[in-house]
Amino acid sequence: MTALHPETLAVRAGTLRTEIQEHSEALFLTSSFVFKSAAEAAARFSGAEPGNIYARFTNPSVTMFEQRLAALEGAERCVAFASGMAAILATVMGLMKAGEHVIASRAIFGSTVQLFSNVLGKFGVETTFVSPTDTAEWRAALRPNTRLLFVESPSNPLTEISDIRALADIAHGAGALLAVDNCFCSPALQRPLALGADIVIHSATKYLDGQGRVLGGAVLGGRELLEPVFTFLRTAGPTLSAFNAWVLFKGLETLDLRMRAHSANAVELAIWLEKQPAVSRVLYPGLASHPQHELAMRQQATGGGIVAFELAGGREAAWRVIDGTRIMSITANLGDTRTTITHPATTTHGRLTPEQRAAAGIGDGLVRIAVGLEHVADLKADLAAGLV
Ligand SMILES: *Cc1c(COP(=O)(O)O)cnc(C)c1O
């Protein structure tokens, strides 16, 4: 189906039908599967014959989600997980061993930093954190035992853009792999494998669901490369539930439309915010004022749905804007039809010391909005209430 357009793949790829010929794809709530004979059971277990065995590692609802997402990312293979964090853990557990080294962007999801530093560090996998935007730092951090480069672009909450093609070249020159957490763009806006990355990781909890209902995750890449990632799933069991897979599979049908609408709202809001006297700085990759605007427009279809802005009045002013909203949801989540508003310095990045926050560029006046699908005029009015 690779010749078809993404809009078509999003509603057609991955469909499996039973003999009932249901139009809307079925939800397979079953933990195991039966075999026609002892010989069939043996053939399934030995791998001689493909097919479902046990839902820890095979379920048709999960398979449908995996195949549709693989089609959208242009990947040979997708392995689904219970959450985005499970997908990241499985990538490392499947592809790395003790004594190997990771280079990761400093501007990655907070739990991913904890996973690399505190969990994997205990098992002899060491991580060096570097600038998301300065490729020279990545090159300088390479070691003979570097196995994985890990990046998120755009970053959270500052929307910094990493050069995926340049990082892929650095990784491959050193015999390492590049993994991209594509959560913020989704395949509707950015396809890292086409830019040279080896692995794409998703927190499906965000835009892939898109309606804030379920947790899920996925790892995508080459068929052979992902075999040990699948083996980790099969043996350790961080499995995506059939129900969540079914919800995510349906979520993918509207992904393209949603991402375009999120982006259209976000760019209009960003342009409007730039004109507000109380706002000292707006960070949105779709704005010409963004430091990596050109790179963003080369590797993404649009600027995406996340807008960050800084208030000159610091924490007090930021909280006034947040508390002045009546429509937006005050929550740290993102990728929802409903706009969410966050004060990173006291929530997602609240456990950092003031020095660490300053080094990361997270000021007390910073506000992050994950722009939803409400009418943009209502969103402007909602922010204007506290922008004094
Ligand atoms: C939320 C998030 C994750 C973690 O995903 P969960 O589904 O919450 O486990 C990883 N990366 C990014 C960029 C995220 O936003």
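The charged end of Lys 206 sits over the ring of Phe 109, at 4.9 Å from the ring centre, where a charge is said to sit over a ring if NZ of Lys or CZ of Arg is within 6 Å of the ring centre and within 35 degrees of the ring normal. An arrangement of this kind is also found for Arg 315, which lies over the face of Trp 319 at 3.8 Å from the ring centre. The model is a predicted one, in which local features need pLDDT of at least 70 and side-chain atom pairs count only at pLDDT 80 or more, whereas totals for chains, interfaces and linings use all residues. Residues are numbered from 1 along each chain as its sequence is written, and side-chain values use heavy atoms, with hydrogens and water left out.

A side-chain N or O atom of Lys 206 is 2.6 Å from an oxygen atom of the ligand, a polar side-chain atom of Ser 203 lies 2.9 Å from an oxygen atom of the ligand, and a polar side-chain atom of Asp 181 lies 2.6 Å from a nitrogen atom of the ligand.

Aromatic rings were examined next. Rings of Phe, Tyr and Trp (its six-membered ring) pair if their centres lie within 6.5 Å, and planes under 30 degrees apart count as stacked, over 60 as edge-to-face and the rest as tilted. By this rule the count comes to four aromatic pairs. One of them, formed by Phe 116 and Phe 150, is edge-to-face, with 5.3 Å centre to centre and 70 degrees between the planes. This pair links distant parts of the chain, since Phe 116 belongs to helix H5 (residues 110-122) and Phe 150 to strand S4 (residues 146-152), 34 residues apart; helices (H or I, at least four residues) and strands (E, at least two) are DSSP runs, numbered from the N terminus. Both Phe 116 and Phe 150 are buried, where buried means under 20% relative accessible area, exposed over 50%, and partly exposed in between (1.4 Å probe, protein chains only). Phe 243 and Trp 246 form a tilted pair, with 6.2 Å centre to centre and 35 degrees between the planes. Because these two residues are three residues apart in helix H10 (residues 242-253), Phe 243 and Trp 246 are separated by about one helical turn. Phe 243 is partly exposed at 41% relative accessibility, and Trp 246 is partly exposed at 26%.

Asn 244 is likewise found in helix H10, but with a relative accessible area of 18% Asn 244 is buried. The side chain of Asn 244 reaches the backbone oxygen of Leu 215 at 3.1 Å.

Val 62, found in helix H3 (residues 60-73), counts as buried at 9% relative accessibility. Leaving aside neighbours within four places in sequence, Val 62 is in contact (heavy atoms within 4.5 Å) with Ala 80, Leu 240, Ser 241, Ala 242 and Ala 245.

Notes:
A polar contact is a pair of N or O atoms within 3.5 Å; within protein, one must be able to donate a hydrogen and the other to accept it, and residues adjacent in sequence count only if both atoms are side-chain atoms.
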